[in-house]
Amino acid sequence: MNNLLASAGATIAIIVAIVVVLLFIMVMLVVLTRYKKCPSDKIMVIYGKISANKDGTYRSAKCIHGGASLVLPLIQSYTFLDLTPLSISVDLKSALSKQNIRIDVPSIFTVGISTDPGIMQNAAERLLGLQLKDISDLAKDIIFGQLRLVIATMDIEEINTDRDKFLEAISRNVEGELKKIGLKLINVNVTDISDESGYIIALGKEAAAKAINDAKVSVAEENRKGAIGEANAQMQQRINVADAESKAIDGENRAKAEIAASKALLRQKEAEAMKVAVTAENVQAAKAKEESYAAEQQAEIARASREKATKEADVIVASEIEKRKIEIEADAQAENVRRKAKGEADAIFAKMEAEARGLYETLSKQAEGMDKLVKAAGTSDEAVRLMIADKLETLVATQVEAIKNLKIDKVTVWENGQSADGKNATANFVSGIMKSLPPLDDLYSMAGLKMPKVISPEKIEEVPKTKKK
């Protein structure tokens, strides 16, 4: 039983802890979402249930400019009032002055919502929810009324000449009324003042004429003072000039005497100084010449050394350059010879290699052909017969070609009848010509071959004897 109670107590404690944590998270979320910050160019107005004042009364709204505040959920809400200045052009016409003269006073007023605590409260109560244009129209109506009131209490001369007083009166009256709705006057600029009757223009002309006349009187007075002063100055000038001339003559005489004495002393000093100077000059000139000669001597020695070094350097450098040039040209020629020889050798080798390959291919094909021919003929003799039979026409044509172009203009035969072999002289002559050609059997013998029996001379029938015609 005790275990069950302990377990139930632990469960309840866990549930309570979870509920407390959830409540704390909810409170933090509410605080984070309802804590509102106010920008510097706006007034945050919190309305709803607001805490009571010290006297026990409740405020209609709470105004905050800058900073932040917690807006309670469900019972409070908030909005903003814009602090942007409003420029209002007030073109007031036919305003009645204290002298019953109607004047036109065009002006520009700059107003805005005040940030004073009390005036902010008025703005929250009277301007909350209005657009800037509505606020501008409301302020314009107030300014029109107060401006007419100020003009009605002042003379035209005061309005025209004492602008500071006029603007102060406008600011005092207009700002007092604007505060009632939460606005303040920032600036007033009256552009011009005019009237229908031309009174202000006449005042201006009167003032101008008076100023001109006063200026003329002042000029005349100053001219008179100037003439008197000029005469007194001229008189005093003549007195001073005469006195100065007498003093100048006396002083001039004394000065001339002093000048003469000074000149004599100066000449004496100059003579002494000239003597010393000439002596010193001669000494210095001698020293200068001595130093100059020594310097020239050193310069000539240095110049000779420099010229010698220059000439040696020119010769050595030229020799080195020529030597290097010859070595480079020799190397270049040797390299050209080596490259040319290598190229010719490579070309000869390539040519001989190509010829060898061609000859090898030719002989190989001939050997293959001869082998096939021998195999086809059966024996080497038969193969030779086939080759000779194939070339027989060419051989005969070659022998015939040898005597083809033989020209015999005249043949004289002294024929004594037939010879022992039964041939006459004419037949022997023709037969001799034919026998002068190399026989086929001899050609074969010189080649180390033997003619086949099929075309052996023993088998060749003798040419039949022809009768003499």
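Predicted model: local features only at pLDDT ≥ 70, side-chain atom pairs only at ≥ 80, totals over all residues.
**Exercise 1. Is R339 buried or exposed, and which residue does R339 meet in a salt bridge?**

- Step 1: The relative accessibility of R339 is 56%. The cut-off for "exposed" is over 50%, so R339 counts as exposed.
- Step 2: Now look for the partner. The side chain of R339 meets that of E335 in a salt bridge, at 2.8 Å from N to O.
- Step 3: E335 and R339 are 4 residues apart in helix 6, so about one helical turn separates them.

A general idea goes with this exercise: side chains of opposite charge can pair when their charged atoms come close.

**Exercise 2. How many salt bridges does the structure hold, and how far apart are the closest N and O atoms of E125 and R126?**

*Solution.* Take the total, then the example.
- Step 1: The structure holds 11 salt bridges.
- Step 2: One of them joins E125 and R126, whose closest N and O atoms are 3.8 Å apart. The limit for a salt bridge is 4 Å, so this pair is counted.
- Step 3: E125 is partly exposed, at 45% relative accessible area. R126 is partly exposed too, at 44%.

**Exercise 3. What span should helix 3 have, and where do its buried residues lie?**

*Solution.* Treat the length and the faces in turn.
- Step 1: Helix 3 runs over residues 132-152, which is 21 residues. At 1.5 Å a residue, the helix should span 30 Å.
- Step 2: Compare this with the model. The end C-alpha atoms of helix 3 are 30 Å apart, which agrees.
- Step 3: Next, list the buried residues of helix 3: I135, S136, A139, I142, I143, Q146, L147, V150 and I151.
- Step 4: Look down the helix axis. These buried residues fall within an arc of 160°, so they line one face of helix 3.
- Step 5: Turn to the other side of helix 3, where K133 and D141 are exposed.
- Step 6: Ask what the buried residues pack against. Their neighbours are strand 6 (86-96), strand 7 (102-113), helix 4 (156-161), helix 5 (163-179) and strand 8 (183-190).

**Exercise 4. Which residues touch the most other members of the largest nonpolar core?**

- Step 1: The largest nonpolar core has 42 residues, and F109, I151 and F166 touch the most other members.
- Step 2: Helix 3 supplies the largest share of this core, 7 residues.
- Step 3: A second, separate core has 6 residues, including C38, M44, I50 and V71.
- Step 4: Now list contacts of F109, leaving out residues up to four places away in sequence. Among them are L86, I88, V90, I143, L147, I170, V174 and L185.

As a general rule, nonpolar side chains tend to be buried together in soluble globular proteins.

**Exercise 5. Is T110 buried or exposed, and which residues does T110 touch?**

*Solution.* Locate T110, then apply the cut-off.
- Step 1: T110 is found in strand 7.
- Step 2: The relative accessible area of T110 is 19%. Buried means under 20%, so T110 is buried.
- Step 3: Beyond residues up to four places away in sequence, T110 touches P85, L86, K184, L185, I186 and N187.

Methods
Residues numbered from 1 in each chain as written. Heavy atoms only, no water. Helix = DSSP H or I, 4+ residues; strand = E, 2+ residues; numbered from the N terminus. Expected span 1.5 Å × (residues − 1). Buried < 20%, exposed > 50% of the residue type's maximum accessible area, 1.4 Å probe, protein only. Arc of directions from axis to C-beta. Contact = heavy atoms within 4.5 Å. Core = buried A, V, L, I, M, F, W, Y, C linked by side-chain atoms within 4.5 Å.
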